[in-house]
Amino acid sequence: MKVAFVASEAIPYKKTGGLADVVGALPFHLNKLGIKTSVFLPRYKGIKGSLIGNLQIDMKEKHNVQVYTEGHFYFIDYPKFFDRDGLYGTEKGDFSDNCERFTLFCKTVTQLIKRYGYDIVHCHDWQTGLIPLYMKLDNMDTKSIFTIHNLGYQGRFPSSKFPILGLPKEYFDPEGIEFYGDINFLKAGILYSDIVTTVSENYAREIQTSESGFGLDGVLNKKRNSLVGIINGIDYSLWNPENDSLIYQKYNNFNGKQKNKARLTEECNIDCERPLIGMVTRIADQKGFDIIIKAFDDFIDMGFSFLVLGFGDEHYHNKLKTFESIYPDKVSVNIKFDNKLAHRIYAGCDFFLMPSQYEPCGLGQLISLKYGTVPIVRKTGGLADTITDFDSDTLSGNGFVFREHSSKDLLKALSKSYEIYCNKDVFKRLSEKCMDCNFSWEESAKKYKQLYGSL
Ligand code: ADP
């Protein structure tokens, strides 16, 4: 079976979040199951590869697009659109031509799928949403799967851009890709693919409700018989403290972990004696920064230190930086994308915080488990599927879980975490129990294989 993955980011090339981890790792595990998988990406700034061909793409006028390759990756090259700093925009907002950029990408990949002959095309997120529709219009035999990694990002553009897509005008309709007067790429992916998946079972249920459906719950409900939740895995060849060369010292137990904490707190100039909460995250509303900001003084008073690595919303950058200046020896705020520091945070913190408003799967909590860094999460999406609240009597559970999206509930979970931290023996057992949790890709890759087979 030949499968083409199509996405807007993948490690080892470009990454802004968990999508890149998934698109980088899953093909490798599918290959192990006998499924030959290629990956199609835009050729962003700095990506090299070898030139293998070019195509004329009709998008209002003819565009000359080149194709590069390296290993199992194919890169769509159109420098005017992709040779930029940033994948989707800047700190100030999205690029104004994202509709044009990803329409061109979808049109080009559809032609290549046809040219190279694939059994299945597996599209990821809104940037690839038009592909199943273009394939249907071209009567292609190739089947399509569309995976939603985050329903909150839909690729919504004004109707004035509809002619760019080159679609018959009847598709601009509420039964088609129109969404409250706009174009919606994600809706196209959902409607015209053969199967829709999302990245945890719980999130697959949540997105069919009006509270979490971002206006697409009705459309998803209609597709419920072909909507499947499959939890993401972790690539333990990259994320494992036993052989991680990016951390200060490799380890496989609690004592080894403490050496990483000592070095991390020294490097970031924070007090090593206090329990340390870490975050590695996009800095966005989704990730719960509103309730963190409200609870901030209280959890520092409780006795915690706080270390965040992230990039995103300028308004939160400023708030966090203010806290850093108020608590210089207890708070470290790192506004950037930095893979090495990310590894060091997973290794050196006591707790990993994810108080998300919603979380399709969440990789941070799964990575932190492997490093014995105890997750503190809100019970939503994939966080609810993977983390259960710790019970000190039975020693069951692998983290701390709170329900309400409120600073009050967050503080309750933090207070319980602090209490457990103070009981060194119990905390050590909890941390080592986390290290033993297994969220590797094997099981999930088998589920994808089954789905492909069903098509
Ligand atoms: P999302 O995909 O919603 O951003 P996930 O928890 O699923 O969130 O995945 C985030 C991934 O991106 C993790 O691998 C995390 O370590 C990484 N990451 C996020 N922000 C940064 C950053 N500023 N520097 C390095 N890695 C980051």
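In this predicted model, Asn150 is buried, with a relative accessible area of 7%. The residue sits in the loop that joins β9 (143-148) to β10 (156-158). One of its polar side-chain atoms is placed 2.9 Å from the backbone nitrogen of Gly152, and a polar contact of 2.7 Å links the side chains of Asn150 and Tyr358. Beyond the neighbours within four places in sequence, Asn150 is in contact with Asp125, Tyr203, Arg282, Gln286, Tyr358 and Pro360.

Asp125 belongs to the loop between β8 (120-124) and α4 (130-137). Its relative accessibility is 9%, so Asp125 counts as buried. Its backbone also deserves a look: phi is positive, at about 65 degrees, although Asp125 is not a glycine. As background, most residues other than glycine have a negative phi, and most peptide bonds are trans. Leu395 likewise has a positive phi, of about 60 degrees, without being a glycine. This residue is found in the loop between α14 (381-386) and β20. With a relative accessible area of 23%, Leu395 is partly exposed, because the range for that class starts where buried, under 20%, ends. A cis peptide bond connects Ile11 to Pro12, with omega near 10 degrees, and Pro12 is placed in the loop between β1 (2-6) and α1.

The ligand is surrounded by 21 residues, and the closest are Gly18, Arg282, Lys287, Lys336 and Tyr346. An N or O atom in the side chain of Arg282 is 2.8 Å from an oxygen atom of the ligand. Tyr346 also places a polar side-chain atom 2.8 Å from a ligand oxygen. From the backbone, a polar atom of Asp338 lies 3.1 Å from a nitrogen atom of the ligand. On its own the ligand has 560 Å² of accessible area, and the protein covers 93% of that. Of the elements, β15 gives the most, with 3 residues. By residue class, the shell is made up of 8 nonpolar, 6 polar and 7 charged residues.

The packing of the interior comes next. In soluble globular proteins, nonpolar side chains tend to be buried together. Here, the largest nonpolar core contains 85 residues, and those with the most contacts inside it are Phe40, Leu165, Ile177, Phe185, Ile190 and Tyr452. Helix α3 (residues 98-116) supplies the largest share of this core, 8 residues. Another core, of 72 residues, lies apart from it and includes Ile270, Met354, Val377 and Tyr421.

Helix α6 holds Phe185 and Ile190, among other residues that are buried. Because 7 of the 8 residues of α6 (residues 185-192) are buried, this helix is largely enclosed by the rest of the structure. The buried residues are Phe185, Leu186, Lys187, Ala188, Gly189, Ile190 and Tyr192. The N-terminal end of α6 is capped by Asn184, with a side-chain oxygen 3.0 Å from the backbone nitrogen of Leu186. Not counting residues up to four places away in sequence, Phe185 touches Cys99, Phe102, Thr103, Trp126, Gly129, Leu130, Gln154, Gly155, Phe157 and Leu165. At 0% relative accessibility, Ile190 counts as buried too. With sequence neighbours within four places left aside, the contacts of Ile190 are Phe146, Ile148, Val196, Leu216, Val219, Leu220 and Lys223. Its C-alpha atom is 9.7 Å from that of Ile177, at a sequence separation of 13 residues.

Val377, one of the residues of the 72-residue core, is also a contact of Val401. Val401 lies in strand β20 (residues 400-402). Neighbours within four places in sequence aside, Val401 is in contact with Val377, Lys379, Ile387, Thr388 and Asp389. Along the chain, Val401 and Lys412 are 11 residues apart, and their C-alpha atoms are separated by 9.7 Å.

Key
Residues are numbered from 1 along each chain as its sequence is written. This is a predicted model: local features need pLDDT of at least 70, side-chain atom pairs count only at pLDDT 80 or more; totals for chains, interfaces and linings use all residues. Side-chain values use heavy atoms; hydrogens and water are left out. A nonpolar core is a set of buried Ala, Val, Leu, Ile, Met, Phe, Trp, Tyr and Cys residues joined through side-chain atoms within 4.5 Å. Buried means under 20% relative accessible area, exposed over 50%, partly exposed in between (1.4 Å probe, protein chains only). Helices (H or I, at least four residues) and strands (E, at least two) are DSSP runs, numbered from the N terminus. Contact means heavy atoms within 4.5 Å. A residue is near a molecule or strand if one of its heavy atoms lies within 4 Å of it. A polar contact is a pair of N or O atoms within 3.5 Å; within protein, one must be able to donate a hydrogen and the other to accept it, and residues adjacent in sequence count only if both atoms are side-chain atoms. Accessible areas come from the Shrake-Rupley method with a 1.4 Å probe; for residues, only the protein chains shown count as cover. Ala, Val, Leu, Ile, Met, Phe, Trp, Tyr, Cys and Pro count as nonpolar, Asp, Glu, Lys and Arg as charged, and the others, Gly among them, as polar.
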